[in-house]
Amino acid sequence: MIRLSDVAEKPATTPGKLSELAANPTSSFAKEVAEKSGQDISKCYQCLRCVAGCPMADFNDRGPADILRLIMMGAKEEVLGSEEIWACTSCDTCASRCPMEISMSRVNDELRRRAIAEGFVKPDNNIAKFHNIFMNVAKSRGRLNEPMLMAHYKWQTRDFMSDMGLGVKMILKQKMNPFVKKHRDSARIRRLFEGKK
Amino acid sequence: MTTKFSYFPGCSLHSTAREYDLSARAVCAALGVELVELKDWNCCGATSAHATAPDTAHALGMSNLALAEKEKMDIVTPCSSCFSRLKACEMEAREDGCKGEEFKGEISARHLAEVLCDEVGPDRMSPLIRKPFKDLKAAVYYGCLMVRPFAALPGSDPENPTLMDGCLKLAGVTTVPWSYNTDCCGAGLSAPKPKVVESMTNRLAETAREAGAECFITACPLCQLNLDTRQTIANPLPVFFFTEILGWAMDLPGAAAWFPKHMISPQALLRG
């Protein structure tokens with residue numbers, strides 16, 4: 001009998017470890033991700049239609065099917081520490097093309113949740129920063145205040161100059177409204193974010 | 001035809017997409033569709049909530065649906081992201097028979113494009129078109145979220161919706177054949193990854209020009225914002241909201257005030 005580890009090629013990243021993992025294609029990590037995301041990821045047969053359709057494919061090293069393969073092999077650190085899960089815009093083109101109806105954007109929702117919970121988010125991850133600021137502003141005000149969101153983002157990334165011209169134009173056109181009122185029931189909003197009834 | 005709805009503007013319509021709110025309200029008023037802004041609506045969570053805290057995303061959606069259910073009217077929103085989130089939460093709750101939820105499934109989340117272009121429809125809209133465009137060639141950019149979840153807009157193809165085309169044609173628009181009408185604009189990556197979004201919007205713009213378009217017409221505040229602010233090609237295309245097109249063609253008072261809010265000026269196309 002030919003074992004998968006006999007024929008697995010040496011991968012480009014973390015040589016050695018991944019080919020060990022390739023011997024056990026359905027790991028507990030894969031089972032957890034499948035259950036929490038509600039996606040039947042073991043059905044993937046690597047047709048790569050998701051990779052062909054993904055709008056982020058030009059900007060990432062790996063496509064959705066590659067990340068899925070890593071999940072199946074149990075490469076948890078590789079996956080949760082990857083840039084790809086954060087670059088996903090949740091457009092669900094993958095799901096619209098997949099013959100097995102797997103939504104990688106739903107899988108990425110779970111992977112991002114878990115990456116945050118288990119401390120895999122790197123300090124220079126501006127996408128994660130943006131989401132975090134969005135959630136904090138929404139939690140404190142119940143509705144977004146877009147100038148506040150952008151001000152916080154610029155401060156946290158220490159990037160004050162980019163888009164300065166655009167920002168000024170938008171303020172002049174009254175498209176950056178600093179007067180958006182806070183939601184009047186802050187307690188209820190806090191409960192929604194904290195998961196309490 | 002339903003004539004009264006709870007209105008969910010969403011956070012952008014009070015700020016970066018002001019002209020969408022103004023034009024949507026004006027067109028609805030002209031067509032006899034009454035919008036009652038849902039008191040105490042909360043942010044739908046957009047992408048950031050479901051992308052980092054799925055339980056919170058669900059709670060935010062259910063909160064709005066429960067509030068809307070008390071008003072006993074369907075909840076309509078012009079924002080594709082808010083629609084997608086409200087609809088996803090509604091469908092998740094319904095799948096479980098609304099067990100354990102305050103929301104009991106008595107009302108539905110609706111996209112304004114479906115209410116105006118299908119429920120009201122071209123026949124009722126036609127008598128109000130007084131100043132149609134003269135063959136305005138447009139790439140109608142639906143964006144991805146209007147058709148997510150895939151069953152959110154029954155009758156619409158998730159890769160090639162045509163919902164708005166009929167009413168836009170009434171307004172004097174020629175919709176160009178274009179295969180990118182649901183291709184992602186880059187969404188919330190505009191702040192953290194502006195170069196990526198530039199690349200994506202430029203591709204939409206170049207292919208739209210190739211197809212013969214003079215402008216984009218869209219129904220999502222973030223799509224409009226990205227297309228309006230991130231095109232770096234030599235002759236960028238102006239980006240309209242579909243309600244601005246309809247409102248202009250209906251010759252509604254105050255319509256002229258919407259267009260100066262665009263970054264890429266559409267004035268040349270309005271003189272048509």
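Buried area is the accessible area that two parts lose on being put together, summed over both. In this predicted model, the area buried between chain A and chain B is about 4,400 Å², and carbon and sulfur atoms give 59% of that area. On the side of chain A, the residues that lose the most area to chain B are A:R143, A:K175 and A:L192, which together make up 15% of what that side buries.

The interface brings 50 residues of chain A into contact with 55 residues of chain B. Between the two chains there are 5 salt bridges. A salt bridge joins B:R230 to A:D163, with the closest N and O atoms 2.7 Å apart. The count of residue pairs in polar contact between chain A and chain B, both at pLDDT 80 or more, is 24. Several helices of chain A give two or more residues to the side that touches chain B, including α9 (104-117), α10 (126-141) and α11 (146-157). The largest share, 7 residues, comes from α10(A). By residue type, this side of chain A divides into 24 nonpolar, 10 polar and 16 charged residues.

The model also holds 2 cavities of 30 Å³ or more. Their volumes are given below.

| Cavity | Volume |
|---|---|
| Largest cavity | about 190 Å³ |
| Second largest cavity | about 130 Å³ |

The largest cavity is lined by 20 residues, and among those nearest its centre are A:C54, A:P64 and A:C88. Its lining divides into 10 nonpolar, 7 polar and 3 charged residues. The lining of the second largest cavity divides into 13 nonpolar, 1 polar and 1 charged residue.

Technical notes: Residues are numbered from 1 along each chain as its sequence is written. Chains are lettered from A and ligands numbered from 1 in the order in which they are written. This is a predicted model: local features need pLDDT of at least 70, side-chain atom pairs count only at pLDDT 80 or more; totals for chains, interfaces and linings use all residues. Side-chain values use heavy atoms; hydrogens and water are left out. Contact means heavy atoms within 4.5 Å. Buried area is the accessible area (1.4 Å probe) that two parts lose on being put together, summed over both. A salt bridge is a side-chain nitrogen of Lys or Arg within 4 Å of a carboxyl oxygen of Asp or Glu. A polar contact is a pair of N or O atoms within 3.5 Å; within protein, one must be able to donate a hydrogen and the other to accept it, and residues adjacent in sequence count only if both atoms are side-chain atoms. Helices (H or I, at least four residues) and strands (E, at least two) are DSSP runs, numbered from the N terminus. Ala, Val, Leu, Ile, Met, Phe, Trp, Tyr, Cys and Pro count as nonpolar, Asp, Glu, Lys and Arg as charged, and the others, Gly among them, as polar. On a 1 Å grid over the protein atoms alone, a cavity is a set of points where a 1.4 Å probe fits but cannot get out, and a pocket is an open set with protein on both sides within 12 Å along at least five of seven lines; lining residues have an atom within 4 Å of a point. Grid points are joined across faces, edges and corners, and a volume is the space filled by probe spheres set on the points.
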